[in-house]
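Q: I would like a close look at one part of this model, followed by a careful account of other details that can be set beside it. Please take the residues and elements in turn and keep to what can be read from the coordinates.

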Amino acid sequence: MVAKSSTRIYNSTFSAWNSTIVQCFRDGDHKVVLEIYLNLRRKNVGIHGVAINFALKSSVELGAYEFGVNLHGDALKSGLSCDRYVGSSLIGFYSGYDRIANAAQVFDEIPGRDLVAYTSMITAYARASTDNFISNAYRVAYDMQMDRLQPNRVALVSLLQCSSRLGALDEGKSIHGYAVRRQIGYNDEVFKTSLMHMYIKCCDLPHGNLVFKDLREKTAGPWNVMISGHLEAGQPLDAFKLFLQMVVEKCELDLISLSNGLWACAESGNLLAGKMVQAQILRRGFILDLIGTTALVDMYCKCNDLPSAENIFAKQQPKDGALFHAMISGFLHSGCVSRATQAFTQMITMFIVPNAGTIISILSVLSEIKDVKTGKSIHGYAFRQGMEKNIDISNQFIDMYSKCGSIEYARRVFYGMNIKDTVSWTSMMTGFVIQGFADEAIALYTMMQRENTTLDAVTFTCLLQVISQLGSMGLLKALHGRLHRFELLEKDMTLMNTLITSYSKYGALNAAVTLFQGMPEKHLTSWNTMIAAYGMHGDIAQTLKLVDQMKQEKTAPDQVTFKSILSACSHTGLIEEGLLVFRSMQEEYGTIPSDEHYCCIVDLLGRAGKLEEAYDLLKNADQLQNSSALSALLAGCRTHGNWEIGEEVGKRLLILNPENRSAYYSMSKIYTSGGRWDEAAGVESLAKLRGLKRIPGFSLIE
């Protein structure tokens, strides 16, 4: 190769060697460029800047970092490192390997920097892998103007990339204004696309739209950026409308366009539209890459067509982490936890490292189904891969162990974390609350304060639950005062509702009412909280008055509202009012009663001794599988001594829920009241055989 290239050279002048090197570079013969350069040195012809420039570019293309460093040495020895063109090439070389500090050192050593040198350095900062260097691009641009050099289109595009990555909207707008004043990139698609991308990444979609509409001719690039922007903004319908407009205007679709169309269908749950996009892919003869296949799998998963997603997933070779994540998320979304864990195992077997999102998704589901064994296996894998350093993953392990009852493992993860964020502390505190360790939760809160950890609304909501377990009115008032000082109550509705509930549980109904009345804006959840508080105190008059106020303010009650009202009617024995509310929820509001509503109405009738009516209601409503309602009816039968219905209901209940302690106790009492001592003894023996004991209730308040 070298000999063949060298035959083009008829003399040993610089121009002959340089022209050969340039031609080989243009032909893509990067390896030959380096061989010619070495041959040039062996013949002692001398070294010219052109040879070093193209040898450096070839080194980047070939990944020959050491060769490039040697070229830098040659440039230093020959005095060419101060040459503006060689210096710019060295900056490009080092930035290609993400050695930004080395690039900056070369830049600083260039005397009399020109437009090319400044632009190369700005571009290097824009391409840096870490955000630490990016803001330096603005400083270089400022210095450039101080040297009476004006940034060109290439420099402005790089500066826009910096603004996109940093979310620096003000700087991005300044660059836009500069371009308008200098009439740079007026109808340049690359510049306008970069400008759109900047506005989108800085969460200013309207300005991005204006730039998009201002483009005279639009190729696939600007369309793709705009569609992606709407997807990132959570507007899949608008994204799909843009995709359809792109098709109508006969713009040439590429794989990115089609993938975006699939993502839009996935996020909007539109299976039919997704299949239409897939048909476009097949009709145009596209072969989907991994990104497109991942979008297709994700679309079928989110549109609840799991078999189609599995079929595409199985056929795709090779697979990557994103594709596995889409499939695993689909399994979890459909409740197929075991298949999700199998896919996760397959992923590890194929030496594909899962991302944090995949691990967190699986752990969150394992938390709900209390599968601590699988959770421990994933923990072992994450530990071996060094993933415990990821705070989000460690936080999820704390949550998983806490919900699975393995509080000691959660504690180990928490205290083993070198860096903890607010979520870490709150997750551990919530774990203590779940397991009833209120004292440890308070101790953790004290540690949080000592370490000056930021407290958020979730932390305070958790603290209210802790105080509820301790029954301390003093702590509740102290926390209320702190919330008032932090001005969190006005900002967080959930926190306000939790505080109202806490006061009502402690018997301080007036404090709860004062909080409720002082709310600047009342949402449905706030109305429900106050209705439940009145119901808890048996104040049915205020409960119904509050419902009337809801109607006046045109806030429609939901299922939670009706449950609270029915519960209040049950505790106060207002049968007619309760039945009226039960009928109105269906006839007036079109709300279908849930199992909880039937439980409330059966409890209401049972307390009043209307046991036959309650039993008939359950039969007619096909609610004989509702164990809560059957328990309420059984309690009513025990209270009123109706052993006939009680025995029938009790037998049904024990079949449905054989671990129900109260059912055995109620059945025993019913048999005893009827003088059926043998049956009573038999029920008690069966309860003992199952290891069931009655746990006495208790109340706790300071």
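Does Lys192 count as buried or exposed, at what relative accessibility?

A: In this predicted model, Lys192 counts as buried, because its relative accessibility is 6%, and the cut-off for that class is under 20%. The residue is found in helix 12, which covers residues 189-201. Its side chain makes a polar contact with the side chain of Asp214, at 3.1 Å, and the two residues, which stand 22 residues apart in sequence, have their C-alpha atoms 9.0 Å apart in space.

Asn395 is found in helix 24 and is buried, with a relative accessible area of 5%. The side chain of Asn395 makes a polar contact with the side chain of Ser424 at 2.6 Å, and, leaving aside neighbours within four places in sequence, Asn395 is in contact with Met417, Asp421, Val423, Ser424 and Ser427.

The helix that holds Asn395 also packs against another helix: helix 24, residues 391-403, and helix 25, residues 407-415, meet at an angle of about 165°, and their axes are 7 Å apart. Because of that angle, helix 24 is roughly antiparallel to helix 25, the cut-off for that description being over 145 degrees. The crossing in which helix 24 passes helix 25 is left-handed. On the side of helix 24 the contact is made by Ser394, Phe397, Ile398, Tyr401 and Ser402, and on the side of helix 25 by Ile407, Tyr409, Ala410, Val413 and Phe414. The residues of this contact between helix 24 and helix 25 comprise eight nonpolar and two polar ones, with no charged residue.

The residues of the contact between helix 30 and helix 31 divide into nine nonpolar and one polar, with no charged residue.

His597 counts as buried, because its relative accessibility is 1%. The side chain of His597 reaches the backbone nitrogen of Ser594 at 2.9 Å, and, when residues up to four places away in sequence are not counted, His597 touches Gln559, Phe562, Lys563, Leu566, Phe582 and Met585.

The loops between helices hold some backbone details. Most residues other than glycine have a negative phi, and most peptide bonds are trans. Against that background, Lys250 has a positive phi of about 60° although it is not a glycine; Lys250 lies in the loop between helix 15, residues 236-248, and helix 16, residues 255-268, and it counts as exposed, at 76% relative accessibility. Asn304, likewise not a glycine, has a positive phi of about 60°, and its place is the loop between helix 18, residues 290-302, and helix 19. Asn304 is exposed, with a relative accessible area of 58%. The peptide bond from Gln317 to Pro318 is cis, with omega near -5°, and Pro318 is found in the loop between helix 19, residues 306-315, and helix 20, residues 321-333.

One further residue falls between the classes of buried and exposed. Asp238 is found in helix 15 and counts as partly exposed, at 32% relative accessibility. Asp238 and Glu61 are 177 residues apart along the chain, and their C-alpha atoms are separated by 40 Å.

Definitions and conventions:
Residues are numbered from 1 along each chain as its sequence is written. This is a predicted model: local features need pLDDT of at least 70, side-chain atom pairs count only at pLDDT 80 or more; totals for chains, interfaces and linings use all residues. Side-chain values use heavy atoms; hydrogens and water are left out. Axes are lines fitted to C-alpha atoms, for helices over the stretch in contact, and angles run from 0 to 180 degrees between N-to-C directions. Helices (H or I, at least four residues) and strands (E, at least two) are DSSP runs, numbered from the N terminus. Angles under 35 degrees count as roughly parallel, over 145 as roughly antiparallel, 65 to 115 as roughly perpendicular and the rest as oblique. A crossing is left-handed if the near helix is turned anticlockwise from the far one by less than a right angle, and right-handed if clockwise. Contact means heavy atoms within 4.5 Å. Ala, Val, Leu, Ile, Met, Phe, Trp, Tyr, Cys and Pro count as nonpolar, Asp, Glu, Lys and Arg as charged, and the others, Gly among them, as polar. Buried means under 20% relative accessible area, exposed over 50%, partly exposed in between (1.4 Å probe, protein chains only). A polar contact is a pair of N or O atoms within 3.5 Å; within protein, one must be able to donate a hydrogen and the other to accept it, and residues adjacent in sequence count only if both atoms are side-chain atoms.
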